[in-house]
Every structure is written in C-alpha cells, then in structure tokens.
Amino acid sequence: MKPGRSPGDPPPGVHRFSGEAAVAATVVLGFLVARLAAAAFTNLVPDEAYYWLWSRYPSASYFDHPPMVAWWIRAGTAIFGDSTFGIRAVPVLSTLAISAATYLAGLTLYDRAVAARAVVWLNATLLVGVGGLIATPDAPSILFWSLGTLALALLVRTGRPAWWLAIGLCAGLGVLSKLTDLFFGLGLLLALSFHRDGRRWFVTPWPWLGGLVAAATVLPMVLWNADHAWVTFARQFGRVAATSLQPYYLAEFIVAQAMLLNPFVAAFVVRSAASWLRSGPYALATGTLIATVLPLIAYMTVHAFHDRVQGNWLAPVYPTLALVAAAVGTGNASPRWAGVWSRLAAMVLPFGAVCSLLGLLAFAAADGILPRAVDFARIVRGWPQLAKEIDGIRRDTGAAWIATTDYATNAELSYYLREENVPVVQITDRIRYAFEPAPDPGRLGGPVLVVSAAPIAAEDLAGCLAGVSPAGEVSRQGFQSFELFLARAPTPAVFTGGC
C-alpha cells in the first residue's frame with residue numbers, strides 16, 4: 001500500500017518549502033485573520049453560549065456531546081477572558097493545525113502540488129471559511145479526524161507499525177470531540193480491507209493495540225455516561241430511528257453539501273471518484289481516502305431519506321474530500337474538457353473567498369447586511385440588547401432571578417448577564433445541567449421572572465411556580481419573541497426535577 005509519488009518530490013520526512021506551499025500558507029493565514037477579526041465582533045450563537053456554560057465546569061462528558069469543545073473553550077477563556085474572542089480562539093486557530101495536517105497528508109500520499117491545492121480548497125469551502133468562526137464540537141472533530149488521516153497516510157507510506165498508536169489516539173480524541181468520529185474507525189477498517197497489504201495488518205497486534213489506545217482515551221467519557229444513564233449516547237443515537245420516507249430531505253442534503261463544500265470543489269470530488277473507479281492516476285491513494293469517509297457519507301445519505309441532515313454533520317470528512325478533489329486537479333482530462341476543468345479550478349478560491357467574506361461580514365455586522373427575510377446570521381442578532389432589556393424588567397418587577405424554558409435562551413442570557421450577578425436557571429430539562437452544582441434554593445426564592453421562547457400559558461407553569469401571572473412580551477430585534485411571566489415563588493421540586 002504505497003501510493004506513487006512524483007520524481008521531484010522529497011522522500012518521506014523531508015520537505016522543501018515550495019512555491020505552492022507558500023501560496024497555500026498565504027491563503028490559510030488570510031482566511032484565519034478574517035475569522036479571528038469576525039470572532040471578536042460577532043455575538044455568540046446560542047450553542048456557543050451553551051458550551052461556554054459547560055466550560056465553567058469541566059467534565060468528562062455532557063448531555064449533548066463529549067467534552068472536547070468545553071475543554072477548548074476553557075483554554076481560550078483562560079487566556080483571553082470570557083469574551084467572544086476567548087470562546088472562539090482555540091477553535092478558530094485549530095484551522096491552522098487542520099490545514100497543516102491536510103497538507104502533510106497530501107504530501108505523503110500525492111505530491112506538493114496536490115497537497116497545496118487541497119489546503120487552498122479546504123479553506124475555500126464555506127463550511128470551513130464561514131463555519132470555522134463558530135466554537136462547536138465540529139472544530140476538534142475535524143482536527144482529530146484530519147490528524148488520524150495523516151497518521152493513516154504515514155502508515156501506508158512507511159509501513160511503520162507504531163503509527164497505529166497515533167491512529168488510535170487520534171480516533172479516541174475525535175470521539176471525545178463528537179460521536180460522529182466513531183465512523184473514522186469504520187472507514188479505517190474499510191480502507192485497509194480494500195488492499196492485500198492492508199489486510200495483512202489484521203493478523204498483527206498493532207491495529208488492536210491502536211484500538212486499546214482509542215478505548216483508553218474515551219474511557220473517562222464512557223464511565224461518566226455509565227453514571228449518568230448514558231445520556232450523551234442516548235441523545236446522539238436517538239437520531240438514528242427511522243421515520244417515513246421523505247425524499248425532500250435527500251435533495252436538500254445533496255444541495256446543502258454541494259454549497260457548503262463549494263460547488264466547484266464538489267465537482268472535482270465527483271470527478272476524482274469517477275477517476276478512481278476507472279483506476280486512474282493516484283487510484284490507490286484516492287481509494288484509501290474515499291474508503292475512510294464512505295461509511296459516514298453512506299449513513300448520512302440513508303438518514304436523508306427520512307429526516308433532515310444538518311449541514312455540519314459531514315464536517316469531519318471535509319479535509320479528506322479536499323484531498324480527493326485536489327488529487328484529480330485539472331490534469332488527465334481529455335483535450336476537449338481540459339479547458340473547462342481549468343476554468344472550474346480557477347473559480348474555487350475566488351468563489352470561496354467572496355462567499356466566506358460576505359458570510360463573516362453578515363455575522364459580524366451589528367445590524368446585518370442582508371434583507372431580514374434571508375439573513376442567515378439572524379441567530380446572533382440582538383442577544384446583548386435582549387438580555388439588557390430583560391434584566392431591566394427583572395429589576396423593575398423586583399424579581400430575584402430569571403427562569404428560562406429552553407437551553408438557548410438560558411445560555412445567551414447567562415452569558416450576556418454574566419457580570420450582573422443575576423442567577424439565570426433553566427427550569428426544564430434539568431438533566432442538561434448535570435455538569436454543574438445544583439442551584440442554591442437559598443438564593444433562588446421569589447419573585448422570579450420567567451422568559452419563554454415558546455408560546456405558553458401561565459397555567460403551564462403552575463406545577464413548578466406559585467402565583468404565576470403574565471408580565472408582557474419582548475422581542476430580539478423582531479427575529480424572535482419571548483413571553484414573560486412573574487411568579488411569586490418556585491416550588492421545591494423545580495431545582496431537581498424541573499418543570
């Protein structure tokens with residue numbers, strides 16, 4: 001399993017900084033600077049604020065996801081403070097490591113030109129170009145999948161069995177980032193099963209030692225879940241259940257992935273896959289990469305037949321897809337089509353750069369630059385102003401604390417009122433907050449101001465709050481309305497079982 005390499009390339013372990021690498025580094029740094037600037041001026045997405053709450057109480061796992069994103073946020077805020085920049089610093093900077101891993105994997109399996117092109121095209125994907133701004137589990141998930149792919153490439157290139165230990169470590173850290181990375185192990189087994197030299201590893205102890213490293217890495221998360229009714233696994237695997245056939249979601253999935261990948265990169269992925277099926281150039285290397293991502297893509301495709309696939313669910317395989325796309329490049333096309341593919345390749349970076357810049361500006365602009373009906377960044381609009389308005393109402397009504405009924409509102413109000421020393425507590429889904437100490441009933445007497453993003457009536461709160469009465473309505477810049485209620489006091493059970 002040793003893919004071919006161009007005559008002018010250095011041997012494994014040796015690399016001369018080439019012109020292609022310089023261009024790739026310039027592109028990576030340009031995108032990085034844009035994302036770092038936007039990170040400082042963009043309000044938090046609700047999920048980011050929620051993960052920030054996690055980071056205040058480091059744990060081996062959480063209700064929704066494994067712990068890595070919380071650990072990263074904790075590291076960033078320890079250096080830069082509880083600012084939007086601090087929360088996003090490590091995830092945004094991780095694109096440097098992801099790009100480096102992608103480049104080295106391309107250099108190991110292909111050549112300098114493919115490696116550099118893959119890095120440029122990866123950063124030109126909209127999911128990385130714009131989505132790389134947001135602190136979510138996708139950032140560490142992508143990083144450790146790409147590092148695992150690099151370790152696999154070095155195993156294929158050198159045949160040194162110690163790389164199995166690195167593969168196991170990367171796989172384990174990936175699962176600590178997001179359970180989606182479980183598919184990396186399946187892809188790895190599939191990739192090795194394709195080739196005789198790969199199958200030989202299965203009769204050696206090294207793959208199993210790598211598996212032990214992965215298992216040891218995720219053991220603390222597993223033990224935490226065993227002590228918490230397996231909530232992380234139940235939450236994520238609960239999406240697996242099939243419902244009725246919904247072909248609309250499949251079309252949506254294909255279109256969304258083509259856009260997030262960058263339509264021009266997507267075209268090269270398809271062309272590269274077709275070239276591999278015909279045993280074209282780099283067939284062995286490309287086949288190995290395709291096999292590693294095939295299980296995840298296949299599962300998401302099947303899922304799309306009956307339910308929506310969120311655009312970011314394929315995020316871990318984007319560096320691999322960039323390598324697959326870059327491998328075919330503009331070469332090996334018939335004279336009739338060579339010019340077409342050259343023009344398509346020339347459009348990848350301009351399209352990605354323009355769309356990413358507009359996307360980052362849309363998030364960072366306080367008032368938005370898009371019409372309200374199509375403002376995809378509306379999810380970040382108005383949270384600081386809303387928090388200030390709600391806290392003013394709390395003061396006017398004499399409420400001692402704020403109760404919320406959903407995690408998104410709870411997280412945003414907790415973050416933007418963090419300096420006001422006002423308790424904000426979600427009184428539903430208390431299992432989400434197993435990572436933090438239980439609220440102190442001594443601090444949380446009455447009265448209490450209830451903020452609900454969902455339409456509810458005062459009677460809906462009667463089971464956990466006493467003396468509930470409507471207190472008006474507020475709006476987040478017209479994008480979202482919230483109903484307010486004033487309650488005389490909470491019942492004792494509200495801080496344990498919740499509403």
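## Briefing: a surface patch, salt bridges and a helix pair

L370 sits in the loop between α17 (335–364) and α18 (383–397); helices (H or I, at least four residues) are DSSP runs numbered from the N terminus. The model is predicted, so local features need pLDDT of at least 70 and side-chain atom pairs count only at pLDDT 80 or more, while totals for chains, interfaces and linings use all residues. Residues are numbered from 1 along each chain as its sequence is written, and side-chain values use heavy atoms, with hydrogens and water left out.

**Surface patch**

- L370 counts as partly exposed, because its relative accessibility is 30%; buried means under 20% relative accessible area, exposed over 50%, and partly exposed in between (1.4 Å probe, protein chains only).
- L370 belongs to a nonpolar surface patch of about 710 Å², together with V354, L357, L358, L361, I369, V374 and F376.
- Patches are made of residues with over 30% relative accessible area and no salt bridge, and nonpolar side chains (Val, Leu, Ile, Met, Phe, Trp, Tyr) are joined within 5 Å, like charges within 9 Å.
- Accessible areas come from the Shrake-Rupley method with a 1.4 Å probe, and for residues only the protein chains shown count as cover.

**Salt bridges**

- Side chains of opposite charge can pair when their charged atoms come close.
- A salt bridge here is a side-chain nitrogen of Lys or Arg within 4 Å of a carboxyl oxygen of Asp or Glu, and by this rule the count comes to 11.
- D64 and R235 form one of them, with their closest N and O atoms 3.5 Å apart.
- D64 lies in the loop between α2 (46–55) and α3 (68–80) and R235 in helix α12 (residues 231–237), so this pair ties together parts that are 171 residues apart in sequence.
- D64 is buried, at 5% relative accessible area, whereas R235 is partly exposed, at 33%.
- A network of salt bridges links D64 and R235 with D429 and R432.
- R394 pairs with D391, their closest N and O atoms being 2.7 Å apart.
- R394 and D391 are 3 residues apart in helix α18, which means about one helical turn separates them, and both residues are buried.
- R200 and D197 meet in a salt bridge at 3.0 Å, N to O; R200 is partly exposed at 49% relative accessible area, and D197 is partly exposed at 33%.

**Helix pair**

- The axes of helix α7 (residues 138–158) and helix α9 (residues 182–193) come within 11 Å and cross at roughly 20°.
- That makes α7 roughly parallel to α9, a term for angles under 35 degrees.
- Axes are lines fitted to C-alpha atoms, for helices over the stretch in contact, and angles run from 0 to 180 degrees between N-to-C directions.

Conventions: Helix = DSSP H or I, 4+ residues; strand = E, 2+ residues; numbered from the N terminus. Parallel < 35°, antiparallel > 145°, perpendicular 65-115°, else oblique.
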